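Please examine the following model together with its sequence. The paragraphs after it move from the overall fold to individual residues.

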Amino acid sequence: MNSDIQRIINEVRSSAEEIISESPDQIRAVYVMDREGTVITYVTNTVLINAGSTFFATPRFISSLKGLVSALPIGGINYVLMQGIDGIIQLMSIRDAGYIMIIINSEASIGLTRIILEKYTDRLYDLLRKLLSVSEEEVVEVINVEITPKDVEDVINFIKSKAIM
Amino acid sequence: MPVKTIKIVIAGPYGAGKTTFVKTLSEVLPIETDVPITKSVTEGKRTTTVAFDYGRMKVREDLVVHLFGVPGQERFSFMWKIIARGMHGYLFIIDSSSEEKVKEALGMYNFFRENFPSTPHIIAANKQDVPTAVDIPTIKNILKVPYEVKVMPLIATNRRSALFVLVSLLEEIRSYLLETTKYG
């Protein structure tokens, strides 16, 4: 993995850890996501049974929210509060760069944690923008020349010629 | 003459056997690894080096196959989409030595299914030589594999097994191209 990418991810993770440390008795988990909800890093301060599945569910979550919001006259997603039986989710957009989501214990801390999230938005925005530009540059754009079934057949025959199957 | 590139992605959780698979193939096939990919300057593209597991096989002067391994760790998941962009097919390798290991692959497999719903792929159940290996029907059930997707046994250290899986994936890609040509 490219060292620039790794360094930026580490910085994103440090920010997530700092967010938890601001209110460790209230904030159970922090997820930092890109624009499509793909988790870049997450930090938990308790054993969350569903931390891993939440990780993979977030792209679907963001996509569903975007679908819902597009049908409502409220513009883009700035802030979402969702109360469940076992906790509360606070989701905040990091402008056009991504999202930050936290899971908290009680509604009593909603105001405080929202202030905490806002405090970190600028820093996370800068990091996500850097991350996106570095990762886009690092990955090869495959030249888009159309592949035909005959090309693939040639590859199969080539492989078979190199090795007795 | 423009060079055609077939892009194949080798996906799967950390420790599933992706690197071993490419390494085994490179023992039989003329796959170059650890070489920088460069974009042709004559086509107005800048030169870029890729820092991922990667192999390249030249089939004809105008046809190369690129194999990209995606990092299996969850923390690199945001890179999966970027690496997979423009791929023609992917091989999803899982560690099938126990049901727990197969279950660990579910999240990543769903991620690929959701982000690349129509891309041809097959699942390779690695470590089938382990006595506790999970059978193919059980793997299909755990991963909720669509009936049309093949799940194949794999021993990534075995050349014959690795080649068979690669050829099977290419056959899937070929069938897909034939179908899309027919109806496209």
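How many helices and how many strands does the secondary structure of chain A come to? The model is a predicted one, and in it the secondary structure of chain A comprises four helices and five strands. Along the sequence these elements follow the pattern α-β-β-α-β-β-β-α-α. Chain A has 165 residues, of which 49% count as buried. The chain exposes about 8100 Å², and 52% of this area is supplied by carbon and sulfur atoms. Among contacts in chain A with a separation of 6 or more, 56% are accounted for by residues 24 or more positions apart.

The strands may be considered next. An open sheet of five strands in chain A has the order β2-β1-β5-β4-β3, and its pairing is antiparallel. At its edges lie β2 (39–44) and β3 (79–83) of chain A, each of which pairs on one side only. Neighbouring strands of this sheet are turned by 10° against each other on average, with direction ignored. Helix α1 of chain A, formed by residues 3–22, packs on the sheet and touches β1, β2 and β5 of chain A. The direction of this helix makes about 35° with that of β2(A).

Two of the strand pairings can be followed in detail. In general, strands of a sheet pair through backbone hydrogen bonds, in either a parallel or an antiparallel sense. In chain A, strand β1 (residues 27–34) and strand β5 (residues 98–104) pair in the antiparallel sense over seven bridges. Within this pairing, A:M33 stands opposite A:Y99 in β5(A). The strands β3(A) and β4 of chain A, the latter spanning residues 88–94, likewise pair in the antiparallel sense, over five bridges. Here A:V80 stands opposite A:L91 in β4(A).

A:Q26 lies in the loop between α1 and β1 of chain A. Is this residue, A:Q26, buried or exposed? A:Q26 counts as buried because its relative accessibility is 18%, and the cut-off for burial is under 20%. Residues up to four places away in sequence being set aside, A:Q26 touches A:I103, A:I104, A:N105, A:S106 and A:S109.

The other loop residue is A:L72, found between α2 (51–70) and β3 of chain A. A:L72 has a relative accessibility of 40% and therefore counts as partly exposed. Together with A:L68 and A:I74, A:L72 forms a nonpolar patch on the surface. The accessible area of these residues together is about 290 Å².

B:L154 has its place in strand β7 of chain B, which covers residues 151–154. Because its relative accessibility is 0%, B:L154 counts as buried. Which residues are in contact with B:L154, leaving aside its neighbours within four places in sequence? They are B:F21, B:I93, B:A124, B:A125, B:N126, B:K127, B:Q128, B:S161, B:A162 and B:V165. As for B:V165, this residue and B:L154 are eleven residues apart in sequence, and their C-alpha atoms are 7.2 Å apart in space.

Note on methods. Residues numbered from 1 in each chain as written. Chains lettered and ligands numbered in written order. Predicted model: local features only at pLDDT ≥ 70, side-chain atom pairs only at ≥ 80, totals over all residues. Heavy atoms only, no water. Pairing = 2+ DSSP bridges. Helix = DSSP H or I, 4+ residues; strand = E, 2+ residues; numbered from the N terminus. Axes fitted to C-alpha atoms, helices over the stretch in contact; angles between N-to-C directions. Contact = heavy atoms within 4.5 Å. Buried < 20%, exposed > 50% of the residue type's maximum accessible area, 1.4 Å probe, protein only. Patch = residues over 30% accessible without salt bridge, like charges linked within 9 Å, V, L, I, M, F, W, Y side chains within 5 Å. Areas by Shrake-Rupley, 256 points an atom, 1.4 Å probe, with all protein chains shown as cover. Salt bridge = Lys/Arg side-chain N within 4 Å of Asp/Glu carboxyl O.
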